Amino acid sequence: MNIEIEKYNNYQVIKLYGEVDLSNSRSIKLDIIKLIKSKNNIIVDFTHLQYIDSSGMASLVEAFNEAKENDTEFHIVGANGSPLQVLQLTRLNTVFNLADSVEVVGNNG
Amino acid sequence: MVKPIITVEHLFAQYGDTQVLKDVNLEVNTGEILVVMGGSGSGKSTLLNHMLGLKTPTSGTIMIDDVNIFNAKNKQLRNLRKKMGVAFQGGALLSSLNVADNVRLPLEHNTSLDTQTIDIMVRMKLEVMNMADTGHLMPSELSGGMLKRAGLARAVIMDPKLLFFDEPSAGLDPTTAVELDELILTLRDAMNMTIVVVTHELESVFKIADRVVVLFGGEVVANGTVDDIKNSPDERIHNMINRQPNTHRDDGEVYFNRLLNKDKD
């Protein structure tokens, strides 16, 4: 698992690589929540994410809730393959703001 | 070539004088749904119990994820069990805990996740099982189908690589049975699970199986695709599929020896 954080217009983009599971979901959640508490708008980029388990999805739900409470934006972009299927299976695709790419969100925000 | 996640080799098991499994050999490939099918007394539940490491065989080996489960060290077995989920026939929920507390048990015991994360995971899994808002119910308040789905929610709460499901549709009405079959297919596809299902329900076998192993009298009598099984020339399989009573009888000499308790084989 690798994580890169970079700025794109008014957003902090968290790029996830590899697999999010029980071993790393908590630290990813804490990283994102820290950014949210500093009033950053968030884009989580799934483009290079190969797998995310339930603990990863639950952690993102917590981060999304934190964003709502801090009145900041929270988007997930680039979901494909297994992570997209997990979003659909858990019906979290109806919960999160999903978009195709960082540019789609970042250029319109 | 796909690597098998489970390899069963020359497995023999007996209860008392009765040989229950006789030289069972099979492989389960990563990402497939393997159905072990057979009538009552065929040995399928015994085979499942051996795969789960709940029984020790007379001889033979079972390798799961490169671990020989019959001579593995405790730590190896603990790590392996974290990758395995088991949905038992009746759900096997603890009657003193409500549904949510049953489902969260594996996470409480095996992870150090935050309580809120666990709460969300439990609700998410109940949602997947079409059991939203049932977390507060006690097992005694659930129907048979709900018990199975709650048991399945607990079995997959850790997102196991390998799921064992004992008789998913037994005793359910046809609609609920179909829903559970759909759920099994979805779990395989979305969560990349390898799934071993033990059942005698033909509709379920034909709907979900990538491959079928048929047990008869403790022996593997067929191992192939659904079409292979449907087209099998074996009379025992033909009778099973067409719901004909088993008319296979041992010849006179075998029967004679059995009457006199002469030959245990």
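Student: Which side chain does that of Asp114(B) meet in a salt bridge?

Tutor: The side chain of Asp114(B) meets that of Lys29(A) in a salt bridge, with 2.6 Å from N to O; a salt bridge here is a side-chain nitrogen of Lys or Arg within 4 Å of a carboxyl oxygen of Asp or Glu. Before going further, please note that this is a predicted model, in which local features need pLDDT of at least 70 and side-chain atom pairs count only at pLDDT 80 or more, while totals for chains, interfaces and linings use all residues. Residues are numbered from 1 along each chain as its sequence is written, chains are lettered from A and ligands numbered from 1 in the order in which they are written, and side-chain values use heavy atoms, with hydrogens and water left out.

The count between chain A and chain B is 3 salt bridges, and the count of residue pairs in polar contact is 8, both residues being at pLDDT 80 or more. A polar contact is a pair of N or O atoms within 3.5 Å, where within protein one must be able to donate a hydrogen and the other to accept it, and residues adjacent in sequence count only if both atoms are side-chain atoms. On the side of chain A that touches chain B, α1 (25-37), α2 (54-69) and α3 (81-89) each supply at least two residues, and α2(A) gives the most, with 7 residues. Helices, here and below, are DSSP runs of H or I with at least four residues, and strands are runs of E with at least two, numbered from the N terminus.

Taken as a whole, 20 residues of chain A are in contact with 19 residues of chain B, contact meaning heavy atoms within 4.5 Å. The area buried between the two chains is about 1,700 Å², of which carbon and sulfur atoms give 62%; buried area is the accessible area (1.4 Å probe) that two parts lose on being put together, summed over both. In chain A, Leu22(A), Ser54(A) and Leu89(A) lose the most area to chain B, together 34% of what that side buries.

Two residues let us see this meeting place from each side. Ser59(A) is in helix α2 of chain A, and it counts as buried because its relative accessibility is 4%, where buried means under 20% relative accessible area, exposed over 50%, and partly exposed in between (1.4 Å probe, protein chains only). Leaving aside neighbours within four places in sequence, Ser59(A) is in contact with Ser25(A), Arg26(A), Lys29(A) and Thr117(B). Ser59(A) and Ser25(A) are 34 residues apart in sequence, and their C-alpha atoms are 6.5 Å apart in space.

From the other chain, Lys125(B) is in helix α4 of chain B, and this lysine is also buried, because its relative accessibility is 5%. The side chain of Lys125(B) reaches the backbone oxygen of Val156(B) at 3.0 Å. With neighbours within four places in sequence again left aside, Lys125(B) is in contact with Ser54(A), Ala153(B), Val156(B), Ile157(B) and Asp159(B).

Ala153(B) is one of the buried residues of helix α5(B), a helix in which 9 of the 12 residues are buried. What covers the buried residues of α5(B) includes α4 (115-128) and α6 (174-191) of chain B.
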